[in-house]
Amino acid sequence: MTASGAVYLVGAGPGDPGLITKRGAELLQEADVVVYDRLVSPALLALSRHADLIYVGKEPETPGEFQSFINQQLAAHARDGKTVVRLKGGDPFVFGRGGEEAMALAEAGVRFEVVPGVTSAIAVPAYAGVPVTHRDIAAAFTVVTGSEDPAKPDPQVDWRALARVGGTLVVLMGWRSLPAIVQTLIGEGRSPETPVSVTQWGTLPNQRTVSGTLADIVGRGEAEGITSPVVTVIGETVALRPAMRWFDRTPLFGKRVLVTRSRTQAGSLSAMLTAQGADAVELPTIAVEPLPDTSALDAALADLESFDWVIFTSTNGVDAVFRRLAAAGRDARAFSHASVAAIGPATAAALAARGITADLMPAAYTSRSVASSFAALEVGGARMLLPRADIAPPMLPDGLRQMGAFVTDVSAYRTAVPQEAATAARETLASGTIDAVTFTSSSTVRNLVGLLGNAALINESKVVSIGPVTSKTASELGVRVDREAAEHTVRGVAEAVLEVLGDE
């Protein structure tokens, strides 16, 4: 075995990126190369920020020799000393040809590891509300591939035996061959009244399930426009679905919500929306970047001992300040002479993660509320440092100066519009499938309207704003705000989306 590189055969799970294993996520973050399949979630690929991504997805018409090419690619990159993640849908060893790839690597003398994944054979039925076993109904379940036509002369799957074995039968990749499968099972003695469910895009926000019997499931599926990929469950446990279905009953199931935060910050809001069943569509309209010239910020931080207060208005400001402190060989002890204020719980948490407990966090997370909080402290003559975005509005520093404070308002980071955002913005909103658009800052509103040219496409969806300043900017630009978050936080935005869409 070569010691330089290795290949990790990682199960990506059935589709929902939250079902990746902890080990799989860790390897994706460490990978030099990720070789991935057709149905792998983009959210999982985003974990591999520094890896080369190689797509090897297969379609039904893909030539069989393509698998040899994949095997060669895996071995070649590992021999180059790289950490290679072979990211496969479901579990690598459940109809994923992982066994073939592992054998090819063993024969090539390449070190490899198998990281099991959640197979769609159990996850998709679970998300559809269908248990594959039940103490009173089914004591066993069988998983088979449906990509093989049971009518061919010598099928590998013994459909005659499966028709008589009882329990639950789970068929993967079987939509095209389902008519023949149904006909064979009935012909071999399985009751035409046996309950059946077919689930398309299982575990994803666009999941669809059609239920019926062996006698009518094909017709029902065709009437509903079901296509691949599907998981079919045949057996009495399917009858439990009306009582046990949960995923497609979540409050925002089937709703698509646009998240316009920066790519590095979108995850928290997306996760909250996804937990309620929404399809969170991330379209970053703002990018947070380091300053090209940090001399003013560095000078202010070098003089931290002279400030009475340091006010952080965002996690971006916290990150930027601590990056510059680290560059100067300093850490949280630099704040030993100053009191620290934080706008919002996320900002306070970012400080706490670096060993600093905020001395002041206003009850409301707006510049006006911050100014009011300081007014009660009688800060006349106090020196205050305000490290913020390069385009931050003047309301907060102006208000503090009116109280007699001496404010150093310094840019800690810059914001920009992502270069690729214009085309993506038009295509996403023009599709007519976005139910709600979320804005978490004035910049996100301003940038999205600028990318689109006007507010017309935005106003075709419900609009949710994080707070009054953002709502004011939206109104000035012609964007109709349908709901403003009661709590001016990301969690408040998620709750506002639930309010505005949950009852539709």
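Predicted model: local features only at pLDDT ≥ 70, side-chain atom pairs only at ≥ 80, totals over all residues.
**Arg-190**

Arg-190 sits in the loop that joins α7 (178–187) to β8 (195–200). This arginine is buried but forms no salt bridge. Its nearest side chain of opposite charge is Glu-236, 6.4 Å away. A salt bridge would need a side-chain nitrogen within 4 Å of a carboxyl oxygen. A polar atom of the Arg-190 side chain does lie 3.5 Å from the backbone oxygen of Leu-162. Leaving aside residues up to four places away in sequence, Arg-190 touches Leu-162, Ala-163, Gly-167, Leu-185, Leu-214, Ile-234 and Gly-235.

| Helix | Residues | Buried residues |
|---|---|---|
| α4 | 98–107 | Gly-98, Glu-101, Ala-102, Leu-105 |
| α19 | 490–501 | Val-490, Gly-492, Val-493, Ala-494, Ala-496, Val-497, Val-500, Leu-501 |

Why do the buried residues of α4 line one face of the helix? Viewed down the helix axis, they fall within an arc of 100°, so they line one face. An α-helix has 3.6 residues a turn, so residues three or four places apart point the same way. Just after α4, Gly-109 adopts a positive phi of about 75°.

Helix α19 passes a length check. Its 12 residues, at 1.5 Å a residue, should span 16 Å. The end C-alpha atoms of α19 are 17 Å apart, which agrees.

Note on methods. Residues numbered from 1 in each chain as written. Heavy atoms only, no water. Helix = DSSP H or I, 4+ residues; strand = E, 2+ residues; numbered from the N terminus. Buried < 20%, exposed > 50% of the residue type's maximum accessible area, 1.4 Å probe, protein only. Lys, Arg positive; Asp, Glu negative; His and termini not counted. Polar contact = N/O pair within 3.5 Å; in protein donor to acceptor, adjacent residues only side chain to side chain. Contact = heavy atoms within 4.5 Å. Arc of directions from axis to C-beta. Expected span 1.5 Å × (residues − 1).
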